[in-house]
Amino acid sequence: MLTELKVNSVDDGVVLPDEASLYLTAIEDAEYKDDKIEFWNNVYGFDMSCIKKQAMMEPLVDTVDQKQIVTNCHLLKTMDISKMVLGDASFTAPFKLIAERDDYIHAFVAYFDVSFTKCHKLMGFSTGTRSRATHWKQTVLYLEDVLTICEGETIIGSMTVAPNKKNPRDVDIMVKYSLSGRRCVVSRVQFYKMR
């Protein structure tokens, strides 16, 4: 016997967490980048640099030490999860990252905060590097360039995020960035695929 599945809308339902914010910052990470990315240039005497490009396209989900942060954190987007519709997960957001010290930048780092605003007491948590650790980590997007940046200099750009057309569980990310500093001038577009 077949039963018909009915979908009922509930006007007074609650989705928790109901609000999420995505942030971006930049870090110095020479040691890890050398170990995991530059490693492909010489693998026990063999040039396997063709794999390096693929390794660069895959964001790393890991814990970043707050001492590695070189810039401010920029809010990319805030989403009301309870009101999201198909297509809301795709967006382009501009960013402006200002160096807090003289250093090198090897990667951008994305993280999110969530809020439970519909509870009787406002609650939430952050997955940021300066917050108490959770089982969630940060997403590291390694750069092809090593940026030399001086305190007060600015990286400007935009990040585009969208579900992959072939597999909507994968996320396609495009980052455009530019720096016109005293020691470094660069403008680049990089593509990433989060699986």
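Two strands are paired where DSSP finds at least two bridges between them. Helices (H or I, at least four residues) and strands (E, at least two) are DSSP runs numbered from the N terminus. The legends describe a predicted model, in which local features need pLDDT of at least 70, side-chain atom pairs count only at pLDDT 80 or more, and totals for chains, interfaces and linings use all residues. Residues are numbered from 1 along each chain as its sequence is written, and side-chain values use heavy atoms, with hydrogens and water left out.

**View 1. Pairing of strands S8 and S9.** Met-159 stands opposite Val-175 in S9. S8 and S9 are paired in the antiparallel sense over nine bridges.

**View 2. The open sheet of four strands.** The strand order is S4-S8-S9-S10, with antiparallel pairing. Strand S4 (91-98) and S10 lie at the edges and have a single partner strand each, so one side of each lacks a neighbour in the sheet. From one strand to the next, the twist averages 15 degrees (axes are lines fitted to C-alpha atoms, for helices over the stretch in contact, and angles run from 0 to 180 degrees between N-to-C directions).

**View 3. The largest pocket.** This pocket has a volume of about 770 Å³. Its lining comprises 26 residues, of which Leu-22, Phe-112, Thr-139, Val-161 and Val-171 are the closest to its centre. A pocket is defined on a 1 Å grid over the protein atoms alone, as an open set of points where a 1.4 Å probe fits, with protein on both sides within 12 Å along at least five of seven lines; lining residues have an atom within 4 Å of a point. Grid points are joined across faces, edges and corners, and the volume is the space filled by probe spheres set on them. At least two lining residues come from each of strands S1 (19-27), S5 (103-116), S7 (138-149), S8 (154-163) and S9 (171-180). By class, the lining has 23 nonpolar residues, two polar and one charged (Ala, Val, Leu, Ile, Met, Phe, Trp, Tyr, Cys and Pro count as nonpolar, Asp, Glu, Lys and Arg as charged, and the others, Gly among them, as polar).

**View 4. The second largest pocket.** About 210 Å³ of space lies here. The lining residues include Ser-49, Lys-52, Glu-144 and Phe-191. Helix H2 (49-57) and strand S10 (185-194) are the elements that give two or more residues to this lining; H2 gives the most, with five. Four of the lining residues are nonpolar, two polar and three charged.
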